[in-house]
Amino acid sequence: MSLQDRLPSLAVMRCFEAAAQYQSYTGAAEVLNLTQSAVSRQVKELEDYVGAPLFRREGRGVRLTEAGKALADELSGDLDRLRRTLNHAVAAGSGPKALTIGAPPTFAARWLVPKLPSFRALHDEVQLVLYSRSEPFDLISEKVDVAVHFGGWDWPGAQLTPLCPEDLVAVAAPQLVTQHPIEGPEDILGMPLLHLTSRAYLWEQFAKTQGQAFAGRQGCTFDQISLVIEAAAVGMGAAILPTYLIEQELAAGKLTKLADVTSNSANSYFVATPMGQSTELTHSFTAWLRKQVVRRDGGETIV
C-alpha cells in the first residue's frame, strides 16, 4: 500500500483541525482533553505525511503556514461532511429518525425555530439537526435533507417548492411614532431611518412608489438584519423589514406597522430538497412548513 493510500488517522486530523482553529497547541489540547505534547506529536505526524511544515512558531503560540492554511480550509469541510455522514448512518440504523435542515441564520432563529415544537409534537420520533446556511450548497454532499432558500429559482441540483413571498413592511417602535406623528408617507420618510447594507436602496424605492422625494441615505446603517430589527424595536428609527422576521415584535406591540412596501426584487422564500431524493419525512416537513406561513392580509397600517 502506497503512502497516499495510508491515510492519517482521524485522531491526527482532528488534532490538526483543533490546532488550526485555536492557533494554539495548548488550546487544542484543552478542547480535546489531551496533553500539549500529544497534540504536537499528532501534528508532526501529519507534517511528515504531507512533507511540509503546517505551523510556524510565533511567540508562545503557532500560526498556520501557507500549506497549513490550504489544508485547514479543505480538511474542515471534509471532517464536517464525515460527521454528517456518520450522523446519517446512525439515524438510518435502529435509532430514531433524523431530519437535517438548513436555513438562513436570521430566518431560522426568528421564524423557524419558534415553530419547530409544533412539528416535533406531530413527529416526536424525529431527531432534528439544524444548520444555519445563507447560500445555496450541494444538499447531497452536505447530507442536508431539506433547506429554506431565500432568492430566486437559482439552486442547482435542488427541487424548489415556493414557500412565501418576502412581504416587506415599514415599521417603527410605538414611542418613535409618538414622537413623529404620521399622516402620510412623507412623514415616515421624515423619521430617523435604519438601513441594511446589503439592501440600502429600500427606502429610496419606497419613496419612489409613494411619489415622494428621497433626501438621500441618512440615519443608522447595519450589516445584519437582526441588528436592524433590534435597533427598530428600541426606537432608533423606522425600518423596512420582512413580516416573517418580526412576527413576535408586531404581536407584542414592540413594533408598529406603518405601511406595506412593494419591492422590485423577485426574490422569495423556497423549500429546497435534493433533486429526485424526496422522502416521506421531507414531504411531511415541507407540507408542515407551508402551513406555518401566514400571508400578509393587508391589515391595519398607519398610512
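Two strands pair if DSSP finds at least two bridges between them, and strands (E, at least two residues) and helices (H or I, at least four) are DSSP runs numbered from the N terminus. The model here is predicted, with local features needing pLDDT of at least 70, side-chain atom pairs counting only at pLDDT 80 or more, and totals for chains, interfaces and linings using all residues. Residues are numbered from 1 along each chain as its sequence is written, and side-chain values use heavy atoms, leaving out hydrogens and water.

**Exercise 1.** Work out how strand 12 (residues 268-274) pairs with strand 5.

*Solution.*
- Step 1: count the bridges; strand 5 and strand 12 share 5 of them.
- Step 2: check the direction, which is antiparallel.
- Step 3: pick out a facing pair, such as His149 opposite Phe270 in strand 12.

**Exercise 2.** Find how strand 3 (residues 97-103) is joined to strand 5.

*Solution.*
- Step 1: look for bridges, and you'll get 2, with the strands running parallel.
- Step 2: zoom in on Gly102, whose bridge partner in strand 5 is Ala147.

**Exercise 3.** Is Arg110 buried or exposed?

*Solution.*
- Step 1: locate Arg110, which sits in helix 5.
- Step 2: recall the cut-offs: buried is under 20% relative accessible area, exposed over 50%, and partly exposed in between (1.4 Å probe, protein chains only).
- Step 3: compare; Arg110 has a relative accessible area of 19%, so Arg110 is buried.
- Step 4: list its contacts (heavy atoms within 4.5 Å). Setting aside neighbours within four places in sequence, Arg110 touches Ile229, Glu230, Leu245, Gln248 and Glu249.
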